[in-house]
Amino acid sequence: MWKEISVLISKEVTLEWRQKFALNGILLYVVSAVFITYLSVGARGGNISPPTWNALYWIIILFSAVNAVAKSFVQEHQGRQLYYYMIASPEAIILSKMIYNTGLTLILALLGYGVFSLILGNEVQDHGLFLLNLVLGAMGFSASLTMVSGIASKAGNNATLMAILSFPVIIPILLMAIRISKNALDGLDWSVSADKVLSLVAINAIVAAAGYILFPYLWRS
């Protein structure tokens, strides 16, 4: 199965490289959103508070992740899905998309972090905890949004359905990631965030396991 996963991930990378407009559009969205924030909240004077910095950062990353992951199954027409059905297991398909989307979301998160640091200033005191939180947040966003994207694709790629289904799954991940990053901004000891990090890891594991177990039933339909 791991060979199937590696081949499917390379296929995703090849498609993304051929269709650069999708990735370029998302990158443009991140940069423009940060710049608009810079112009609108009066950050030019350096008066943006750490909680505001934290909230704005995660709002932009969340919508960037939604735009990036939403196309997971949208770009797969029925003929190609039938081809995948014959050559790969559904477990390999869902895991490959989760892994690829995690990498893509993490790239967007790191890009957003760099642009935020350049334009709005870097408010982070504990960079190690913040980067660990980015990795866990990217994994959670990707696992939940990939599964919801698969469900929406079976309903005619209904964007409204994806938004409704992803909201209750994304909120716990988002709230936990915001709390951890707030501790990183304040420079608190890792022991203060240990329970929150473990909770975020547990949520990610539950969402990924649910997608791994339930996706084969969805795929066979």
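Gln 125 sits in the loop between helix 5 and helix 6. This is a predicted model. The residue makes a handy starting point. Is Gln 125 buried or exposed? Its relative accessibility is 56%, so Gln 125 counts as exposed. Leave aside the neighbours within four places in sequence, and Gln 125 is in contact with Ala 184, Leu 185, Asp 186 and Gly 187. Lys 182 also belongs in this part of the picture. Gln 125 and Lys 182 are 57 residues apart along the chain, and their C-alpha atoms are separated by 9.8 Å.

Now step back to the whole chain. The chain has eight helices and zero strands. Read along the sequence, the pattern is α-α-α-α-α-α-α-α. The chain holds 221 residues, and buried residues make up 44% of them. Where do the contacts come from? Take the contacts in the chain with a separation of 6 or more: residues 24 or more positions apart account for 84% of them.

Helix 3 and helix 5 pack at an angle of about 145°, and their axes are 10 Å apart. The crossing of these two helices is right-handed. Which residues of helix 3 and helix 5 make the contact? Helix 3 brings Trp 53, Leu 56, Tyr 57, Ile 60, Ile 61, Ser 64, Ala 65, Ala 68 and Val 69. Helix 5 brings Asn 101, Leu 104, Thr 105, Leu 108, Ala 109, Gly 112, Tyr 113 and Phe 116. By type, the residues of this contact divide into 13 nonpolar, four polar and no charged.

Aromatic rings come next. A pair of aromatic rings is described by the distance of the centres and the angle of the planes. Rings pair if their centres lie within 6.5 Å, and planes over 60 degrees apart count as edge-to-face. By this rule there are eight aromatic pairs. One of them joins Tyr 57 and Trp 58. Their ring centres are 5.6 Å apart and their planes stand at 85°, so the pair is edge-to-face. Tyr 57 has 0% relative accessibility and counts as buried. Trp 58 is buried too, with a relative accessible area of 1%.

Tyr 57 has another ring partner, Phe 116. Why is the pair of Tyr 57 and Phe 116 edge-to-face? The ring centres are 5.4 Å apart and the planes are at 85°, so the pair falls in that class. This pair links distant parts of the chain. Tyr 57 lies in helix 3 (residues 50-69) and Phe 116 in helix 5 (residues 90-119), 59 residues apart. Both Tyr 57 and Phe 116 are buried. Ring pairs link Trp 53, Tyr 57, Trp 58, Tyr 113, Phe 116, Phe 130 and Phe 141 into a cluster. Among these, Trp 53, Tyr 57, Tyr 113 and Phe 116 also take part in the contact of helix 3 with helix 5.

The last stop is Ser 149, in helix 6 (residues 127-153). Is Ser 149 buried or exposed? Its relative accessible area is 2%, so Ser 149 is buried. Neighbours within four places in sequence aside, Ser 149 is in contact with Val 69, Ala 70, Ser 72, Phe 73 and Met 162. One of these, Val 69, is also part of the contact that helix 3 makes with helix 5.

Methods. Residues numbered from 1 in each chain as written. Predicted model: local features only at pLDDT ≥ 70, side-chain atom pairs only at ≥ 80, totals over all residues. Heavy atoms only, no water. Phe/Tyr/Trp six-rings, centres within 6.5 Å; stacked < 30°, edge-to-face > 60°. Buried < 20%, exposed > 50% of the residue type's maximum accessible area, 1.4 Å probe, protein only. Helix = DSSP H or I, 4+ residues; strand = E, 2+ residues; numbered from the N terminus. Contact = heavy atoms within 4.5 Å. Axes fitted to C-alpha atoms, helices over the stretch in contact; angles between N-to-C directions. Left-handed = near helix turned anticlockwise from the far one by under 90°. Nonpolar A, V, L, I, M, F, W, Y, C, P; charged D, E, K, R; others polar.
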